[in-house]
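Work through the following exercises with the sequence and the structure side by side, and try each task before you read its solution.

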Amino acid sequence: MKTLKTLSIIFLLTLYGCASTEAVLAEFDESVDFDSYNTFVLCIDDLFVENTNFPNHDNNKVRELIGNAVENEMINRGHKTNVMDPQLQAGFKLLVEEKEATFYDCKEQDEYSYWAECTINTTIYTEETLVVYVSDFEKNQIIWQASMTCDMSRYNKKLPGYINELVETLFNEYPKIGGAL
């Protein structure tokens, strides 16, 4: 019984540790000199809600906040907005999908016996991923992107701060050396 409690505590600590750290996945074109770019425009199409089945996760407010945060981070890295002749286009994708997880819950008969019964519990949850990207207009290709899981429905009143922090974390992977920092 003591071993089971110890294993339970280890499992909970591991689960808690995984929940508190989010991994940023980032990649960029190594042949590109990011310091040679000066101007950008925000992709207006990314401001339109795509995941209409998930209004608590993807809505006009969330999209506007993400767009503003992306624009601010591009400016913080020394780029200037230029709608008429931009070198870069900055944008984002908010991916929302429903997933299913199955757990086995086994109850002990007594401390010296095997399990009395095991049940299978299925949980359906929503997973969100924010992808931020920058593309080169002349090459017509994405030259940098970063992504991270997120939860836009959880923060309500703290949503602007949460989104700013999330986008800043993603842009910490942006390879531009110069900037207005």
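**Exercise 1.** Determine how many helices and strands the protein chain has, and in which order they follow one another.

*Solution.* Begin by counting the elements in this predicted model: the protein chain contains three helices and six strands. Next, read along the sequence, where the pattern is α-β-β-α-β-β-β-β-α.

**Exercise 2.** Find which residues have the most contacts inside the largest nonpolar core, and which elements give two or more residues to this core.

*Solution.* The largest nonpolar core has 34 residues, and Val70, Leu130, Met152 and Ile163 are those with the most contacts inside it. Turning to the elements, two or more residues each come from strand S2 (39-42), helix H2 (60-76), strand S4 (88-108), S5, S6 and helix H3 (159-171), and H3 gives the most, with seven residues. As a general background, nonpolar side chains in soluble globular proteins tend to be buried together.

**Exercise 3.** Decide where asparagine 140 is placed, and why it counts as exposed rather than buried.

*Solution.* First locate asparagine 140, which lies in the loop between strand S5 (115-136) and strand S6 (141-150). Then look at its backbone, where phi is positive, about 55 degrees, although the residue is not a glycine. Finally, compare its accessibility with the cut-off: exposed means over 50% relative accessible area, and asparagine 140 counts as exposed because its relative accessibility is 71%.

Key. Residues are numbered from 1 along each chain as its sequence is written. This is a predicted model: local features need pLDDT of at least 70, side-chain atom pairs count only at pLDDT 80 or more; totals for chains, interfaces and linings use all residues. Side-chain values use heavy atoms; hydrogens and water are left out. Helices (H or I, at least four residues) and strands (E, at least two) are DSSP runs, numbered from the N terminus. Buried means under 20% relative accessible area, exposed over 50%, partly exposed in between (1.4 Å probe, protein chains only). A nonpolar core is a set of buried Ala, Val, Leu, Ile, Met, Phe, Trp, Tyr and Cys residues joined through side-chain atoms within 4.5 Å.
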